[in-house]
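Dear colleague,

Please find below the structure that I am handing over to you.

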Amino acid sequence: MNLFGKKNYISLEQRTENRKPERRMKSKEPSIPDGMWIKCNTCKNIIYKKEVTEYKLCPSCDAHFRMSPKERIAITCDEGSFEEFDATMHPKNPMEYPDYDKIIEKAQKKAEITEGVVTGRCKIHGVDVVMAIMDSHFMMGSMGSVVGEKVTRAVEYATKEELPIIIFTTSGGARMQEGIISLMQMAKVSEALARHDEAGLLYITVLTDPTTGGVTASFAMLGDIILAEPKALIGFAGQRVIQGTIHQKLPEGFQRAEFQQENGFVDRIVHREKLRDELGSILKLHCGN
């Protein structure tokens with residue numbers, strides 16, 4: 001064995017040259033642009049965004065994704081019939097909550113609306129109706145002073161014009177940044193709806209995922225007819241709070257729309273693709289011309 005035989009040396013230049021093809025290979029790897037794929041929280045599948053239709057349904061398990069008011073209007077109202085109320089109403093900071101203005105500004109950019117509800121007048125299958133659509137993308141649809149005021153004004157307009165009203169609910173509850181001012185909206189909206197009911201007018205609620213907290217405890221459950229989307233979470237307190245209080249295991253599907261229908265809190269569960277026709281039939285039946 002020759003320990004002093006010739007050795008093969010590799011220069012730094014050769015090493016660099018050998019690595020260049022690897023770098024070129026890496027640069028040729030395909031990059032996936034942001035926003036092309038979404039994950040379904042129900043079936044956990046990764047879905048190509050273009051497979052999701054205007055109804056925002058999971059193509060794998062038919063889960064109902066959350067919608068913006070703009071998307072909801074497009075699939076519910078007669079084309080071009082929606083006239084918005086109070087579009088420029090902005091929230092203030094009644095409790096002087098730190099950086100509340102920045103929180104609101106961030107929510108406005110995310111949801112592309114000024115507050116957590118859009119209200120207006122439209123037609124559904126030719127029938128005039130007032131609508132309020134809450135938006136989960138705006139601070140989880142929390143109910144602040146502006147949300148309460150806009151819904152109250154919409155109800156009062158419906159009462160004055162002798163029109164039915166539909167409210168699409170979605171909310172995490174009262175907005176903590178506005179304290180008692182937020183909680184007051186429960187009574188204010190409920191009182192307006194009581195006057196609407198005394199006038200003999202129709203009120204329909206459509207419970208979407210999630211409808212919880214003070215909204216559930218007030219106007220969400222006051223509808224003459226209460227509809228819900230499949231598997232929507234509907235309740236007041238959270239499941240962990242309830243389970244921790246009663247020290248019992250909760251039933252399967254507790255607080256989901258199907259459970260609430262079985263126990264008499266919901267009149268009917270309607271698939272989103274059939275909801276416009278369902279609302280149109282109810283309106284024509286109750287309101288005639």
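This is a predicted model: local features need pLDDT of at least 70, side-chain atom pairs count only at pLDDT 80 or more; totals for chains, interfaces and linings use all residues.

Residues are numbered from 1 along each chain as its sequence is written, and side-chain values use heavy atoms, with hydrogens and water left out.

Overall make-up

The chain has nine helices and nine strands; these are DSSP runs numbered from the N terminus, with helices being H or I of at least four residues and strands E of at least two. Of its 289 residues, 43% count as buried, a term that stands for under 20% relative accessible area, with over 50% being exposed and the range in between partly exposed (1.4 Å probe, protein chains only). Among contacts (heavy atoms within 4.5 Å) with a separation of 6 or more, 67% are between residues 24 or more positions apart.

Seven strands make up an open, mixed sheet in the order 3-4-5-6-7-8-9, where two strands pair if DSSP finds at least two bridges between them. Strand 3 (83-85) and strand 9 (268-269) are at the edges with a single partner strand each, so one side of each has no neighbour in the sheet.

Strand 3 pairs with strand 4 in the antiparallel sense over three bridges, and Glu84 has Gly120 in strand 4 as its bridge partner. Strand 4 is mostly covered, with six of its eight residues buried. Eight bridges pair strand 4 with strand 5, again in the antiparallel sense, and one of the bridge pairs is Ile124 with Val127 in strand 5. These two strands form a hairpin with two residues between them, and His125 in the turn has a positive phi of about 55 degrees.

Strand 5 (residues 127-134) and strand 6 (residues 165-171) run parallel and are joined by four bridges. Val130 is placed opposite Ile165 in strand 6. Helix 2 (residues 69-76) packs on the sheet, where it touches strand 4 (117-124), strand 5, strand 6 and strand 7 (203-211), and its direction makes about 155 degrees with that of strand 5. For such angles, axes are lines fitted to C-alpha atoms, for helices over the stretch in contact, and the values run from 0 to 180 degrees between N-to-C directions. Helix 4 (residues 145-160) lies across strand 3, strand 4, strand 5 and strand 6, at about 25 degrees to strand 4.

A buried loop residue

Gln177 is located in the loop between strand 6 and helix 5 (179-198). Gln177 is buried, its relative accessible area being 9%. Leaving aside residues up to four places away in sequence, Gln177 touches Met95, Tyr97, Tyr100, Ile103 and Met139. Its C-alpha atom is separated by 8.3 Å from that of Gly144, 33 residues apart along the chain.

Pockets and cavities

The search used a 1 Å grid over the protein atoms alone: a cavity is a set of points where a 1.4 Å probe fits but cannot get out, a pocket is an open set with protein on both sides within 12 Å along at least five of seven lines, and lining residues have an atom within 4 Å of a point. Grid points are joined across faces, edges and corners, and a volume is the space filled by probe spheres set on the points.

The largest pocket holds about 760 Å³ of space. Its lining has 24 residues, of which Asn41, Thr42, His64, Phe65 and Arg66 lie nearest its centre.

The second largest pocket holds about 340 Å³ and is lined by 19 residues, with Pro69, Lys70, Ala111, Glu112 and Ile113 nearest its centre. Helix 2 gives the most to this lining, with four residues.

There are two cavities of 30 Å³ or more. The largest cavity has a volume of about 90 Å³, and Arg66, Met67, Arg72, Thr170 and Thr208 lie nearest its centre among 15 lining residues. Strand 5, strand 6 and strand 7 are the elements that give two or more residues to that lining. The second largest cavity, of about 30 Å³, is lined by Arg72, Ile75, Thr76, Arg272, Leu275 and Arg276. Here, the elements that give two or more residues are helix 2 and helix 9 (272-287).
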